[in-house]
Structure formats: C-alpha cells, structure tokens
There are 2 protein chains.
Amino acid sequence: MDTESRDTLVKLIREQRIAAIGTLRGGFPEVSMVPVVAEPDGSAFYFHASALAHHSQNIVREPRVSLMLSEPDDWGRDPRTLARIGIRGEARALPREGTAYERVKAMYLARFPESAAHFSLGDFALYRVEPVAARYVAGFGRIFNLSAADIMAAIT
Amino acid sequence: MDTESRDTLVKLIREQRIAAIGTLRGGFPEVSMVPVVAEPDGSAFYFHASALAHHSQNIVREPRVSLMLSEPDDWGRDPRTLARIGIRGEARALPREGTAYERVKAMYLARFPESAAHFSLGDFALYRVEPVAARYVAGFGRIFNLSAADIMAAIT
C-alpha cells in the first residue's frame, strides 16, 4: 500500500466514530448504525448496544457482520473519492466479568461519555469484532483487499 | 409518526447523497458505499455502479440488499441521536433500452455530474431499489418500522 493510502486508513480507523453495520435478518442483509471505537493497534473494533437493537438481535442468530467506516460526505467532493473500509468479522459480546471489559468500557466512554448511564443497564452489551478480512477504498479506483495483519501493519 | 420525525425523514431521503449498502457475499453480510438519488416520491432509490464493484457482483447472485441513509457525524452530538434509515429491498439493474433509464440517468447526473463519463462505459449499470420495509431511527429511542407506503406518505 502506498503511504498516502496508509495514512488515510489510519485516520479512518482512529477518527471515525460511527460505523454502518451489516447483519443478517431472516437471510436479508440489514444495515444499521453503531458508535465504534477501535483498538489502538487495529486488532479489534467495539460497539455498545441494547439487546433491543435489530443488530443485537441478529447477531445472536448469526455473528457474522460487516462494519463500514467512511469519511463523511461534505457535499463538495465526488462521493466516490470518499475513503472507506468494509471490515468483515464476527461480533461477540464481551463477558462482563473479564478484565478486557473494564479496559474497553473505559476506552469507549473516553470517546462517548454520554453513554455512561447505559453501562448500568442489564440489556446492553459491549461487542467485539475482530477483523477477518477487509475491502479498503482509499479513493476512486484505489482499492485494496486487506487481511487483519495488513490492517495492524498499517496502523503501527 | 410525529411531524418532527417526518420532516427529518424527508430531509434524509432528499439530501443524503451516499448510502451504506449491505449485500451478501458467500453468506456473509458485506457493507460498502454507493452514491444514491431517490425518486421524488420516495418510491425507489438508484445508484450507478461498475460490474467490478463487490456490491454489483453480490447482487447478481442475491438481489436482496439494504441501503442505509444517515445524517453524517459532526463530532459534536451524541452519535446515537443521528437520524438514519435502513431500507430493505431488491436491487435490479435498469434496462438501458427503457424510458425509465434516461429519466433516472438525468436525475442521477443532476446530482453527480462528475459521473457522466461512466455512463458510456459498458460495465456500469443503474440499479433500482424499491423499498420493501424500513427501520427508521429519527433520534435516540425514536424508532419506526416503515412500509414502502409509509415512506411515500411521509414524503408527499
């Protein structure tokens, strides 16, 4: 990957706070939105969601998901030049008892302090998505198929 | 639906130029980005894509898709309050010979004039997605399940 594409990827992963999440609902792909935070080394992505959300219901039956991070539209540029990455992986709820839970909760709340109250609700869970593969579009026609190792190599 | 939620929905459908599209790839949900334009009455959504794009490849095998339109993050508001709608339907390439094609092409190019050159390329197609059902989040906790008729009633 060229340096410019790599820098753009690192910015995407570090800065974008929302992801479009693709899940399966009765065999149909469903897309919804989740607030996200990435592990600093790019090895995992986390979101906090209510069990009532469609994506949470869908994950129980089928953990395979896709998360897309995208530069937001600015109503100026050709939107095809917006950088975006679609990351495929499985979403797993983090056990509340584990040490990872408290660390990730702190990382999540540093980005989304307004979500603090939801951590005391029983029906919310922190989900972890570890990338299996990704399709990265750095700009028009600059397309890369990435492995989890490629993402981590780019970010570190 | 309350008036504020309806107004927000109309703005989403009229103003958002990009959608996150969920397709199926080997049984896995995949999310990518497409530039979109909506029929003025909300009865259909269109995008133009190369046959090389993953979503185009996926649609050939499985036309069921989901399109999500979302307010962009502004790095200020709680992102859970961003309005968004996930629309489920089937994507079908518009036949080039039909009268609909020229009308939709003109509508698409009015929004994306920089895409003009792609209309002369043989491997690009205009896809039409007619909503079957939608999940609309007007803001935190303001969630509506909508039919195609509900969308059209809101917009007209």
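Biologist: Which conventions apply to the numbering and to the values?

Modeller: Residues are numbered from 1 along each chain as its sequence is written, while chains are lettered from A and ligands numbered from 1 in the order in which they are written. As the model is predicted, local features need pLDDT of at least 70, side-chain atom pairs count only at pLDDT 80 or more, and totals for chains, interfaces and linings use all residues; side-chain values use heavy atoms, leaving out hydrogens and water.

Biologist: How do you know through which surface the copies meet?

Modeller: Of the interface residues of chain B, 100% are also interface residues in chain A, so the copies meet through the same surface.

Biologist: Why is A:Ser56 called buried?

Modeller: Buried means under 20% relative accessible area, exposed over 50%, and partly exposed in between, with a 1.4 Å probe and protein chains only. A:Ser56 has 2% relative accessibility and therefore counts as buried. A:Ser56 is found in helix α2 (residues 54-61) of chain A; helices (H or I, at least four residues) and strands (E, at least two) are DSSP runs, numbered from the N terminus. Leaving aside residues up to four places away in sequence, A:Ser56 touches A:Ala49, A:Ser50, A:Ala51 and A:Tyr127, where contact means heavy atoms within 4.5 Å.

Biologist: Is A:Val104 buried or exposed?

Modeller: A:Val104 is buried, since its relative accessible area is 0%. This residue lies in helix α3 (residues 99-111) of chain A. Not counting residues up to four places away in sequence, A:Val104 touches A:Tyr46, A:Leu94 and A:Leu126. A:Val104 and A:Arg128 are 24 residues apart in sequence, and their C-alpha atoms are 9.4 Å apart in space.

Biologist: Why is α1(A) described as roughly perpendicular to α4(A)?

Modeller: The axes of helix α1 (residues 3-15) of chain A and helix α4 (residues 148-155) of chain A come within 9 Å and cross at roughly 95°. That makes α1(A) roughly perpendicular to α4(A), because angles of 65 to 115 degrees count as roughly perpendicular, those under 35 as roughly parallel, those over 145 as roughly antiparallel and the rest as oblique. The axes are lines fitted to C-alpha atoms, for helices over the stretch in contact, and the angles run from 0 to 180 degrees between N-to-C directions.

Biologist: Which residues make that contact, and how do they divide by class?

Modeller: A:Arg6, A:Leu9, A:Val10, A:Ile13 and A:Arg14 of α1(A) make the contact with A:Ile151, A:Ala154 and A:Ile155 of α4(A). By class there are 6 nonpolar, no polar and 2 charged residues. Ala, Val, Leu, Ile, Met, Phe, Trp, Tyr, Cys and Pro count as nonpolar, Asp, Glu, Lys and Arg as charged, and the others, Gly among them, as polar.

Biologist: What makes β1(A) and β2(A) a pair?

Modeller: Two strands pair if DSSP finds at least two bridges between them. Strand β1 (residues 18-25) of chain A and strand β2 (residues 28-35) of chain A have 8 bridges in the antiparallel sense. One of the bridge partners is A:Val31 in β2(A), for A:Gly22. Their hairpin has 2 residues between the strands, and A:Gly26 takes a positive phi near 60°. β1(A) also pairs with strand β5 (residues 64-70) of chain A over 3 antiparallel bridges, and A:Gly22 stands opposite A:Ser66 there.

Biologist: How do you know that β7(B) is mostly covered?

Modeller: In strand β7 (residues 124-139) of chain B, 12 of its 16 residues are buried. β7(B) runs antiparallel to strand β6 (residues 84-93) of chain B, joined by 10 bridges, and B:Arg84 stands opposite B:Val137. Strand β4 (residues 45-50) of chain B pairs with β7(B) over 6 antiparallel bridges.
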